[in-house]
Amino acid sequence: MAGETVFSTERLRRARFAVAAVFCVHGAVTGSFATRIPWIQDHAGVSAGQLGLALAFPAIGASLAMPLAGAISHRFGARTALRGLLALWTMALTLPSLAPDIYGLCAVLFVYGATAGMSDVAMNALGVETENRLGKSIMSSLHGMWSVGALIGSAAGTVAAHLGGDARLHHLVAALVLTALGLYFCQGVLDLQSTPEEEAPPRFSLPPKSALIIGAIGFCAVFAEGASLDWSAVYLRDELGSSAGVAAASTTAFALTMAIARLVGDRVVDRFGAVRTVRVGGVAATAGGLLVVLAPHAVLAMAGFGLIGLGVAVVVPLAFAAAGRSGPNPSQAIAGVATITYTSGLIAPSAIGGIADATSLTFSFGLVTLLAFGLVLGAGVLRPGARATTAAATSGGKGADLASGPR
C-alpha cells in the first residue's frame, strides 16, 4: 500500500514546507473572498437576509462534496488529486463576483464550497501522512499557515476595496496568482499512490463511527470559534456598550490569537501530548467563556475572547490528525470530521442569534462556555492508544503503526 513507501528525512522536510504553502494558498482564497462580500452583495442586488441565505451554500456544497475527495485521491494519487482539486478551488474564487442575482449567487457559492471542501480534505490527508512519517506534530502549524494565508488574502482584498477596485478583476488576478502558486507548491508534496489491491473508498458514505466521536470534539471547538468570530464585536457593542472601534478590535484580536496559537501549537503538542493539550485548552476556553459572561467591561470580555481563541486553536488540527489515524481510509475519516466541523461552523452563528433573540446574548455565550467544557471531558478520544486499538480492529492491524506516533 502507499504507506509502505519510504522517504528520506530531507524529502519529508521539503514535503512539510510544500504542504504548509498549500494550506496558506487555500486560506488566501477565503480571505480574498470575504473582504469583497459587500461588493458582491451590491453587484447581485441582494438584501442582507438573502445574503445570509446565500452564505449558507458554501458549507452545504462542502459537506456534500467532501466524501468524494477520498475516491479521487485513491484513483489519481494524492499529489495529482491535490493539484487538481486545489486548482478548482483557487479558480472558483472568480465565480461569486460574477453572480447576477440571488439564484446565481446561491449556485456559484455551492460550487465554491464544494471545491473548497474537497481540496480541504485532500490537503489535510496529505498533512496527516506527512506528520506520520516525520514522527512529530505539524498539523497545528499547517492550520496556522491557513490562517496566515487568510490574513494575507484579506489584507490584499482590503487594499483592493479601499481603492474601489472591481471585485471581478481583483478575484481574476488573485485566482490566477494563487492557482500558479498552488500548482508550484503541489509539486513538492508527497506523491502517495494506492496499490491495485487496495479497496477504493466509497464515493458517498456516512462518516465512520470513529469520525463521529472525534468530530464531536471538533464540533465543540468550531462552535466556540464561529460564535466568537461572528458575535464578539456585537457582544461588546450591545452588552457592554463599547465603541465600534473597540468592538471590531476584539474580532481582530481573536483571529490573531488563533493564528499565533496554531503556529506554535505543534511544540506544545509534542511536549505534552494531544490529550493534555486539548484538556488544558478546554480549561482555558471555559475560563474565557466565563470571563465573557461575567465581564463588567470590555477589557475583561476581550481577554475572555482571547482565552477562547487560545483554548480552541489546536483542537481542529488535532481532530483531523486523529481522524487520519482512526482507520484504513484516512481521507474518508477526515471527510467525516470535516463535515461535522463545517456543520458546526454553519449553525453556530445562527444558533447564537436565535438563542439571543429568545433570551440574551449573554445566555448564548453561556452555551459556548458549556461546549468549551466539553473539550475537557472529551479530550480522551484523541488518545493514541485508543486510536491504535480502533484502527487495528477495523483494518486487521494495518492502522496500528500510524497510530503509535508521538502525540
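Mentor: The secondary structure of the chain, in what is a predicted model, comes to 18 helices and zero strands. Of its 407 residues, 53% count as buried, and among the contacts between residues at least 6 apart in sequence, 84% join residues that are at least 24 apart.

Now to the packing itself. Two packed helices are described by the angle between their axes and the distance between the axes. For helix H8, residues 139-162, and helix H14, residues 315-324, the angle is about 125° and the axes lie 8 Å apart. Because angles over 145 degrees count as roughly antiparallel and those from 65 to 115 as roughly perpendicular, this value makes H8 oblique to H14. The crossing of the two helices is right-handed. On the H8 side the contact is made by Met139, Ser140 and His143, which meet Val316, Pro317, Phe320 and Ala321 of H14; sorted by class, this contact holds five nonpolar residues, two polar ones and no charged ones.

If residues up to four places away in sequence are not counted, Leu105 touches Ile40, Val46, Leu51, Ala54, Pro96 and Ala99.

Key:
Residues are numbered from 1 along each chain as its sequence is written. This is a predicted model: local features need pLDDT of at least 70, side-chain atom pairs count only at pLDDT 80 or more; totals for chains, interfaces and linings use all residues. Side-chain values use heavy atoms; hydrogens and water are left out. Axes are lines fitted to C-alpha atoms, for helices over the stretch in contact, and angles run from 0 to 180 degrees between N-to-C directions. Helices (H or I, at least four residues) and strands (E, at least two) are DSSP runs, numbered from the N terminus. Angles under 35 degrees count as roughly parallel, over 145 as roughly antiparallel, 65 to 115 as roughly perpendicular and the rest as oblique. A crossing is left-handed if the near helix is turned anticlockwise from the far one by less than a right angle, and right-handed if clockwise. Contact means heavy atoms within 4.5 Å. Ala, Val, Leu, Ile, Met, Phe, Trp, Tyr, Cys and Pro count as nonpolar, Asp, Glu, Lys and Arg as charged, and the others, Gly among them, as polar. Buried means under 20% relative accessible area, exposed over 50%, partly exposed in between (1.4 Å probe, protein chains only).
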